[in-house]
Structure formats: structure tokens, C-alpha cells
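Me: I have a model open beside its sequence, and I would like to learn how to read it feature by feature. Could you take me through it slowly?

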Amino acid sequence: MSTQSSRFKYSLEKQPPRLGPGGSTHGASVKEFPASVGIAGVSMRLEPGAMRELHWHANAAEWGYVVQGTVRTTIIHPGGDAYTDAFNPGDVWYFPRGYGHAIQNNGDVPAHFILIFDNGDFSEDHTFSITDFIAHVPREIAAQNLGLSLEETELLPAGEVYFAESERPDERSVIATPLPAPELMSMHRYPLGSQRPRLIPGGGTQKLVTEKEFPISKTIAGSVLELQPGALRELHWHPNADEWQYFLSGNAEITVFLAESNAVTEQYEAGDIGYVPMGAGHYIKNTGAEVCRILIGFNSGEYQSIDLSSWLASNPTDLLEGNFGVSGGIIGKFMQGGHFIKRPV
């Protein structure tokens, strides 16, 4: 077995954060986490009223999951259509590449959310902030575009704000306006936390959102996996996507199998992130005494998984006997498919 420690693990929340007025962020692209070639991720926190300023990403779409607190987002589409949404814990958003958006904590407690980007090379070098943009065009252009005098443009930020502190939105906010027919889902919001989970009694649960349930999310699918102590998300692989994991709680072990006798085993705790390349075999086992909760992102809008138990059960018994060189009695135990999560022995 390979001895490459931490090849597929990165202790995200233990890294020095980027700090700003009312906010903080921990990020990992392929630069910080070399294994993560296809997906980048950010853990961001905002104080009440604080915002991640108006900005856009030139090289990646953004998928967000709210861990704690509440936020509102605004987004502009090409052609001028604009949308404002409110998010609670368990809710998901998706912003296509290049669409301008902002995120603000509209609650009275700190907000924490995880951002997943469908490009491992995503970085702040490819993020464009509105204050930075306006500050770096000629003052005459800014004045003409914004309808201001030259003197008034001097009141604007001289560079990128990134995080900004503001008053918390009150009942007059557009998101607080009663709707005649409120909907759980909107174009950019999916209530993953309210979804009825796939349940394996004694083993765990999975909540999953793909392009099928959330049509705008064409490049990212996501899930929340819960494993009971000792439970195993069985040996499997994803033929169409890389897998990025953020450990919300608990402890786990993962082995990533890379073919030709090359495998890496890592131990994870809350705040760590993990990565599994497309097609690489792996499992996730809860090694702790509490429920292990994992947020998982895939860089494809379609979720595909090939689970070992289902594959074995689909083959003729004599073929498996020949492949493994063992008796039919042992093979009979192989032939029980559809486990997904294995309960503790």
C-alpha cells in the first residue's frame, strides 16, 4: 500500500483563514490540495448583516450548501433577469459560471456555508469583484457609467472590498415579503435538507440532488451522507465524476484505490476535505462513536455510482467461482446485492 500520507486529505479548517470585515474563508484549489484537480472548495462564514460582495467567477460554476444560519443571495443572468433567494440550513444553490452574484447573512447568528466549484484550478485570481472593477477603470468612465460626479466617485472604495459589513435586512427586505404561493424550490435554490432520504436501517442515510431534481445545476451534483458508527459506504466508484468531500461531523476512514496495487488510506475528522478521482475505487467507513455526516460534491450534474455488491450479484455464480478461486458457499454471500451502506457487523 502506498505510504503517501495526506495525498487525498486536506485539513481545510486548520489552515489560516482569509479574514475581512464580518467574514472569513478557508479555500483549497489544486494549488493547495494537489489531488483535487477537478473540484475546488471553500468554507465561508459571515457575521449577521455581512456580505460577500457582488462578484463573478470566470472559470467555474458555484454550488453552495448552508451548514448554519441563514443567507440571502442575489444573481443576475445574461439578458437582465435577476433573482433574490433566501436559504436555510440544508439548502443548496447553484450559480452558473460568469453570472454576477452576492451572498449576505440575513439572520441574527453567524452563517456558515460550503462552496464547491467545478474546476480544481478555481482561485481568487479568477474571481472578479465589483468594487475592484470600478476602482480600476478611469474615474471619468466610472462617473459616466454610474451617473456620478467625479467628486462622488472618490467616495467609492479604492480597491476590492471582498467582505463588507452592513445592516441586517429587516422585514422590508424583498425576501421577507409574503408570497401568495411560496415554493420550496426556485431556479437557484433546492431544499436538500427537506428531502426524504434514502435510508439503510442501522447503517445510514443519503440525500442527493442532481440536475434531474435541480435543473440549473448542470455541472455539479451533491449529497449529504450520514453513516452510523461502524457503518460502511461500500466499495464503489463513480465513472463520470470526481468526488469532493467535506466532513461536517464525526470521524471516518477512506481508502482510494488507483489500480496497479496503488492505494492510499486516510483518516478524517470534522473540518477535513477529501478527494477521489473519477473512476477510482473507494469506501467510506465511520470509525467514530457518533454519526459521521459528509457533504459530497461531484463535478457532473448526473450522479453515477457502481457499487461492488450490485456488480458481484449481477454475475453468474460459476464466473465468480473462477474469478476468485473459492467455493460456491462463499460466492453465495457475494451474491447479495444492493447494499449501498453496510451496517456494522
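This is a predicted model: local features need pLDDT of at least 70, side-chain atom pairs count only at pLDDT 80 or more; totals for chains, interfaces and linings use all residues.

Me: How many helices and strands does the protein have?

Reply: Helices (H or I, at least four residues) and strands (E, at least two) are DSSP runs, numbered from the N terminus. In this protein they come to six helices and 26 strands, and the C-alpha atoms fill a box of roughly 85 × 45 × 40 Å along the principal axes.

Me: In what order do the strands of the open sheet lie?

Reply: Two strands are said to pair if DSSP finds at least two bridges between them. Here seven strands form an open sheet, with antiparallel pairing, in the order β1-β22-β19-β24-β17-β16-β15; its edge strands, β1 (9-10) and β15 (198-200), each pair on one side only. Within that sheet, β17 (residues 221-227) and β24 (residues 292-298) are joined by seven bridges, and Ala 221 stands opposite Phe 298.

Me: What share of the residues counts as buried?

Reply: Buried means under 20% relative accessible area, exposed over 50%, and partly exposed in between (1.4 Å probe, protein chains only). Of the 345 residues, 45% count as buried. Leu 19, which lies in strand β2 (residues 18-20), counts as exposed because its relative accessibility is 64%.

Me: How many salt bridges are there?

Reply: Side chains of opposite charge can pair when their charged atoms come close. A salt bridge is taken as a side-chain nitrogen of Lys or Arg within 4 Å of a carboxyl oxygen of Asp or Glu, and by this rule the count comes to nine. One of them joins Glu 269 and Lys 14, at 2.8 Å from N to O. Glu 269 lies in strand β21 (residues 263-269) and Lys 14 in the loop between β1 and β2, so this pair ties together parts that are 255 residues apart in sequence. Glu 269 is partly exposed at 31% relative accessibility, whereas Lys 14 is exposed, with a relative accessible area of 60%.

Me: Which residue forms a salt bridge with Lys 218?

Reply: The partner of Lys 218 is Glu 211, with the closest N and O atoms 3.3 Å apart. Lys 218 is exposed at 52%, while Glu 211, at 30%, is partly exposed.

Key: Residues are numbered from 1 along each chain as its sequence is written. Side-chain values use heavy atoms; hydrogens and water are left out.
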